[in-house]
Amino acid sequence: AALFAASDEVSRAEWRAYVGALALERSLPGIQGTGFTQMIPASRLAEHVAQVRAEGFPGYGVHPPGERDPYSSIIYLEPFADRNLRAFGYDMYSDPVRREAMERARDTGMPALSGRVTLVQEYGSEVQAGFLIYLPIYAGGTQPDSVDARRATLLGFVYSPFRAHDIMRSIFDGRLDDADIELFDGDPSAETLLFASTQRSANARFVIDHPVDIGGRRWLARFSSTPAFERDQASAEPGLILFGGSTLSLMLFALLNINAHHRRR
């Protein structure tokens, strides 16, 4: 967003150089890319498509097809290779889940996290849940004061897509010996599950839910104890305390009883 604020126009080459210099794959392992999606009024769609095709992409088009207003299109996305090529030209505003986050970012001027989605980059047998985060870009490089002005001056969004399983695995990196973790987008269910470290045991002794607020959206992290953790926590101390305390109480009672009997005599 700062790059757009500092430039009259950001070219494709400038975007590639800037994102490459950030080296986000080292600081944010699991990030799928960093891109810019442009908002396009329906009246300017043909002009937009012609302009991008003239940049050396003769097969470019905004997808999915259909008439709507406005359109959006992913025009920059780095790294521009492999899975990310499938997202080039995709209209995220056409999807209700993505659109809700985009509109929230547009109206607040703040980063907005989307709900659970399947990224357009997904294909084949290793499809996993994903999510996106958006930050709005306004004309003039500054954030307008009112919601109406923000809507009127919106140029597009810088955004990043994440594959949930990849980024969570990179965060925990095998450090999950004591707990299984499930991450839900909202209330826990199979439809909202973003990530599960393993198949949680229904007999887990300790289970705790922890809400996490990120980008205007609430996730639920559920931690469940593993058998290894429960074995480590197993202890004879409670039983020893019960037995020892009861024995001591009986001995004290017997002593007091003998003393009382002696005093009566």
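Guide: An open sheet is formed by 5 strands in the order 2-1-5-4-3, with antiparallel pairing. Strand 2 and strand 3 (112–113) stand at the edges with a single partner strand each, so one side of each has no neighbour in the sheet. This is a predicted model, in which local features need pLDDT of at least 70 and side-chain atom pairs count only at pLDDT 80 or more, while totals for chains, interfaces and linings use all residues. Residues are numbered from 1 along each chain as its sequence is written, and side-chain values use heavy atoms, with hydrogens and water left out.

Visitor: What makes strand 3 and strand 4 a pair?

Guide: Two strands pair if DSSP finds at least two bridges between them; strands (E, at least two residues) and helices (H or I, at least four) are DSSP runs, numbered from the N terminus. Strand 3 and strand 4 have 2 bridges in the antiparallel sense, and therefore they pair under the rule. Leu113 stands opposite Ile133 in strand 4.

Visitor: How do you know that strand 8 and strand 9 pair?

Guide: Strand 8 (residues 207–214) and strand 9 (residues 217–225) are joined over 8 bridges, in the antiparallel sense. Pro211 has Leu220 in strand 9 as its bridge partner. In the hairpin of these strands, 2 residues lie between them, and Gly215 takes a positive phi near 55 degrees.

Visitor: Why is Ala101 called buried?

Guide: Buried means under 20% relative accessible area, exposed means over 50%, and partly exposed lies in between (1.4 Å probe, protein chains only). Ala101 has a relative accessible area of 0%, so it is buried. Ala101 lies in helix 5. Leaving out residues up to four places away in sequence, Ala101 touches Ala112, Leu113, Ser114 and Tyr134, where contact means heavy atoms within 4.5 Å.

Visitor: Why is Ile133 called partly exposed?

Guide: The relative accessibility of Ile133 is 26%, so Ile133 counts as partly exposed. Apart from neighbours within four places in sequence, the contacts of Ile133 are Pro111, Ala112, Leu113, Val158, Tyr159, Ser160 and Phe162.

Visitor: What makes a set of residues a nonpolar core?

Guide: A nonpolar core is a set of buried Ala, Val, Leu, Ile, Met, Phe, Trp, Tyr and Cys residues joined through side-chain atoms within 4.5 Å. The largest has 19 residues, of which Ile74, Met92, Met102, Leu132, Tyr134, Phe157 and Tyr159 touch the most other members. At least two residues of this core come from each of strand 2 (71–78), helix 5 (96–108), strand 4 (130–138) and strand 5 (154–163). Apart from it lies another core of 18 residues, including Phe36, Val62, Tyr71 and Tyr76.

Visitor: Why are Glu122 and Arg163 said to tie parts together?

Guide: Their side chains meet in a salt bridge of 2.7 Å, N to O. Glu122 lies in the loop between strand 3 and strand 4 and Arg163 lies in strand 5, so the parts joined are 41 residues apart in sequence. Glu122 is buried at a relative accessible area of 8%, and Arg163 is buried at 7%. Salt bridges with shared partners join Arg83, Glu122, Arg163 and Asp166 into one network.

Terms used. Salt bridge = Lys/Arg side-chain N within 4 Å of Asp/Glu carboxyl O.
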